[in-house]
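Visitor: I would like to learn how to read a structure of this kind. Please take me through the features one at a time.

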Amino acid sequence: PQQQQPQSQAGEEAAVVGGSSDPSSGRDYTAIPAQIDAKMEEFDEDSQLRPTIITPSNTWMKKSKKGLLADPTTSIMRGDEQKAEKDKAMDLLDALTKVRVFVCACVCSS
């Protein structure tokens, strides 16, 4: 009985996080908003949590380093520069998620 309890809790946790306790079924990302709403209702006892729309300014400040040991620099970005940096970030996220799937496929097939 004691060994079964952690397994059932793990299954419940997997169902909340990924929508299924079966690891091969993948994650249902469409269920995330409903899960967030349920958690907000569960923990927000005094209804202080409100939705907010964040609108960034037209001018962004970018802090970066040329190298690991280099001094940080600050630059101002507008319009096209912002779009270019945003596209770079999205490309990086896309590449990282594809690598994770590829590595998982290689490890699982070994």
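Visitor: How many helices and strands are there in the protein chain?

Guide: Helices (H or I, at least four residues) and strands (E, at least two) are DSSP runs, numbered from the N terminus. The protein chain has three helices and two strands, and their pattern along the sequence is α-α-β-β-α. Two notes on reading the rest follow. This is a predicted model, in which local features need pLDDT of at least 70 and side-chain atom pairs count only at pLDDT 80 or more, while totals for chains, interfaces and linings use all residues. Residues are numbered from 1 along each chain as its sequence is written, and side-chain values use heavy atoms, with hydrogens and water left out.

Visitor: Where in the protein chain is confidence lowest, and where is it highest?

Guide: The score to look at is pLDDT, the predictor's confidence in each residue, from 0 to 100. Its mean over the protein chain is 74, with 66% of residues at 70 or more. Helix H1 (residues 4-18) has the lowest confidence, at a mean of 44, and strand E2 (residues 73-78) the highest, at 92. Over residues 1-21 pLDDT stays under 50, and the model has 15 contacts for them beyond four places in sequence; a contact means heavy atoms within 4.5 Å. Where pLDDT is low, the predicted coordinates should not be read in detail.

Visitor: What share of the residues of the protein chain count as buried?

Guide: Buried means under 20% relative accessible area, exposed over 50%, and partly exposed in between (1.4 Å probe, protein chains only). Of the 110 residues, 4% count as buried. Gln82 in helix H3 is buried, with a relative accessible area of 12%. Beyond its neighbours within four places in sequence, Gln82 is in contact with Ser57, Asn58, Thr59, Trp60 and Met77.

Visitor: How many salt bridges does a search of the whole structure find?

Guide: A salt bridge is a side-chain nitrogen of Lys or Arg within 4 Å of a carboxyl oxygen of Asp or Glu. The search finds four. One of them pairs Glu42 with Lys39 at 3.6 Å, N to O. These two are three residues apart in helix H2 (residues 32-43), so about one helical turn separates them. Glu42 is partly exposed at 49% relative accessible area, and Lys39 is also partly exposed, at 37%.

Visitor: Which parts of the chain does the pair of Lys62 and Glu85 link?

Guide: The side chains of Lys62 and Glu85 meet in a salt bridge of 3.4 Å, N to O. This pair links distant parts of the chain, with Lys62 in strand E1 (residues 59-64) and Glu85 in helix H3 (residues 79-109), 23 residues apart. Lys62 is partly exposed at 27% relative accessibility, and Glu85 is partly exposed at 24%.

Visitor: How many residues apart are Asp87 and Lys83 in helix H3?

Guide: Asp87 and Lys83 form a salt bridge at 3.0 Å, N to O. They are four residues apart in helix H3, which means a separation of about one helical turn. Asp87 is partly exposed, with a relative accessible area of 34%. Elsewhere, salt bridges with shared partners join Lys62, Glu85 and Lys88 into one network.

Visitor: Which residues form a nonpolar patch on the surface?

Guide: Patches are made of residues with over 30% relative accessible area and no salt bridge; like charges are joined within 9 Å, nonpolar side chains (Val, Leu, Ile, Met, Phe, Trp, Tyr) within 5 Å. Here Met90, Leu92, Leu93 and Leu96 form the patch, with about 410 Å² of accessible area together. Accessible areas come from the Shrake-Rupley method with a 1.4 Å probe, and for residues only the protein chains shown count as cover. Leu93 is in helix H3.
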